[in-house]
Amino acid sequence: MHLDWTALGEVAAVSTGVTVAVVVAFALGVLGLARVEAAREGAADTGSSGGGALGITQAGLCFLACAAVVAYGIYLIVPQFH
């Protein structure tokens, strides 16, 4: 039996790369939520509003990207979806 190590290496590289990308996207989403909290604290201290819209947008887009990757992975795994 001959194993194709190149194919195994490619699968390992792609899965590692996608995992790192999803973790980075999720971390950026959490950073966006932290930006919202910082804007709320700053608004309470200074009496101004705003500044949290960018954080909400960042968090929403990052979490949406993570959800899309997870949904695509489920689509690839479950044969009834094909």
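## Disulfides

A disulfide is defined as a pair of cysteine sulfur atoms within 2.5 Å. The structure discussed here is a predicted model. When the whole structure is searched, zero disulfides are found.

The case of cysteine 62 shows how the cut-off applies. The closest cysteine sulfur to that of cysteine 62 belongs to cysteine 66 and lies 7.0 Å away, which is too far for a bond. Cysteine 66 is likewise in no disulfide, its nearest cysteine sulfur being that of cysteine 62.

## Burial of the two cysteines

Are cysteine 62 and cysteine 66 buried or exposed? Cysteine 62 has a relative accessibility of 13% and therefore counts as buried. Cysteine 66, with a relative accessible area of 9%, is buried as well. Both values fall under the 20% limit that defines a buried residue.

## The salt bridge

One salt bridge is present in the structure. Its partners are arginine 40 and glutamate 37, whose closest N and O atoms are 3.2 Å apart. This distance meets the requirement of a side-chain nitrogen within 4 Å of a carboxyl oxygen.

Arginine 40 counts as exposed because its relative accessibility is 53%, whereas glutamate 37, at 39%, counts as partly exposed.

Note on methods:
Residues are numbered from 1 along each chain as its sequence is written. This is a predicted model: local features need pLDDT of at least 70, side-chain atom pairs count only at pLDDT 80 or more; totals for chains, interfaces and linings use all residues. Side-chain values use heavy atoms; hydrogens and water are left out. Buried means under 20% relative accessible area, exposed over 50%, partly exposed in between (1.4 Å probe, protein chains only).
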